[in-house]
Amino acid sequence: MVTLWTNRAERLEVGAVLCSDLGELTVAGARAFQQRWLVQFAEVGDRSTADSLRGQALRAEPIADPDELWVHDLIGMMVCELDGTERGRVESVQANPASDLLVLETGALVPLTFLETQSGDRLIVDAPDGLFDEI
């Protein structure tokens, strides 16, 4: 069973290559099952080999998609309001159930739902009044 931490199901298309600490794995087949995926890997021929993969984190190369913003690309970008006011650079992205948060060098937290567009190394946000006010 594999749990995807991405909305990109093509990660599990036949022929896709995933990496684990034990080596590369090639997807031979996959189907959704409840809220996870049953995945067959070409390199895994028996149950004991499959059991050795239990708990392994699987990784993949980034998908080239110009319409997507990737967390690793957000780090270091300048956050600006619609009027051009610079609010600080992104230090990290914090997972949050409602919306992931941009953590700025100033300590401000900006929900990704406020992101309007990206322009070069600038993230333009439509923030509500008071978001950047000091407490």
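These are my notebook entries on a predicted model.

**Entry 1**

I found an open sheet of six strands, in the order 7-6-5-4-9-8, with mixed pairing. Strand 7 (109–111) and strand 8 (115–119) are its edges, and each pairs on one side only. From one strand to the next, the twist averages 40°.

I then looked at one pair inside the sheet. Strand 4 (residues 78–81) and strand 9 (residues 122–125) run parallel, joined by four bridges. I looked up Val 79 and found Leu 123 in strand 9 as its bridge partner.

**Entry 2: the cores**

Next I checked the nonpolar cores. The largest has 13 residues, and Val 79, Leu 102, Leu 104 and Leu 123 have the most contacts inside it. Strand 6 (101–104) and strand 9 are the elements that give two or more residues to this core.

I listed what Val 79 touches, not counting residues up to four places away in sequence. The list includes Leu 102, Leu 104, Leu 123 and Val 125, and also Glu 86 and Arg 87.

**Entry 3: Ser 99**

I turned to a loop. Ser 99 sits between strand 5 (86–94) and strand 6. Is Ser 99 buried or exposed? Its relative accessibility is 11%, so Ser 99 counts as buried, the cut-off being under 20%. The side chain of Ser 99 reaches the backbone nitrogen of Thr 113 at 3.2 Å. Leaving aside neighbours within four places in sequence, Ser 99 is in contact with Pro 111, Leu 112 and Thr 113.

**Entry 4: salt bridges**

I searched the whole structure and found six salt bridges. I followed up some of them.

Asp 21 and Arg 59 meet through their side chains at 3.4 Å, N to O. They are 38 residues apart: Asp 21 is in the loop between strand 1 (17–20) and strand 2 (23–33), Arg 59 in the loop between helix 1 (47–52) and helix 2 (71–74). Asp 21 is exposed at 63% relative accessibility, while Arg 59 is partly exposed at 41%.

Arg 122 forms a salt bridge with Glu 86, with the closest N and O atoms 2.9 Å apart. Arg 122 lies in strand 9 and Glu 86 in strand 5, so the pair ties together parts 36 residues apart in sequence. Arg 122 is partly exposed at 26%; Glu 86 is partly exposed at 47%.

I also noted Asp 121 and Arg 89, whose side chains meet in a salt bridge at 3.7 Å, N to O. Asp 121 is in the loop between strand 8 and strand 9, and Arg 89 is in strand 5, 32 residues apart.

Terms used: Residues are numbered from 1 along each chain as its sequence is written. This is a predicted model: local features need pLDDT of at least 70, side-chain atom pairs count only at pLDDT 80 or more; totals for chains, interfaces and linings use all residues. Side-chain values use heavy atoms; hydrogens and water are left out. Two strands pair if DSSP finds at least two bridges between them. Axes are lines fitted to C-alpha atoms, for helices over the stretch in contact, and angles run from 0 to 180 degrees between N-to-C directions. A nonpolar core is a set of buried Ala, Val, Leu, Ile, Met, Phe, Trp, Tyr and Cys residues joined through side-chain atoms within 4.5 Å. Buried means under 20% relative accessible area, exposed over 50%, partly exposed in between (1.4 Å probe, protein chains only). Contact means heavy atoms within 4.5 Å. A polar contact is a pair of N or O atoms within 3.5 Å; within protein, one must be able to donate a hydrogen and the other to accept it, and residues adjacent in sequence count only if both atoms are side-chain atoms. A salt bridge is a side-chain nitrogen of Lys or Arg within 4 Å of a carboxyl oxygen of Asp or Glu.
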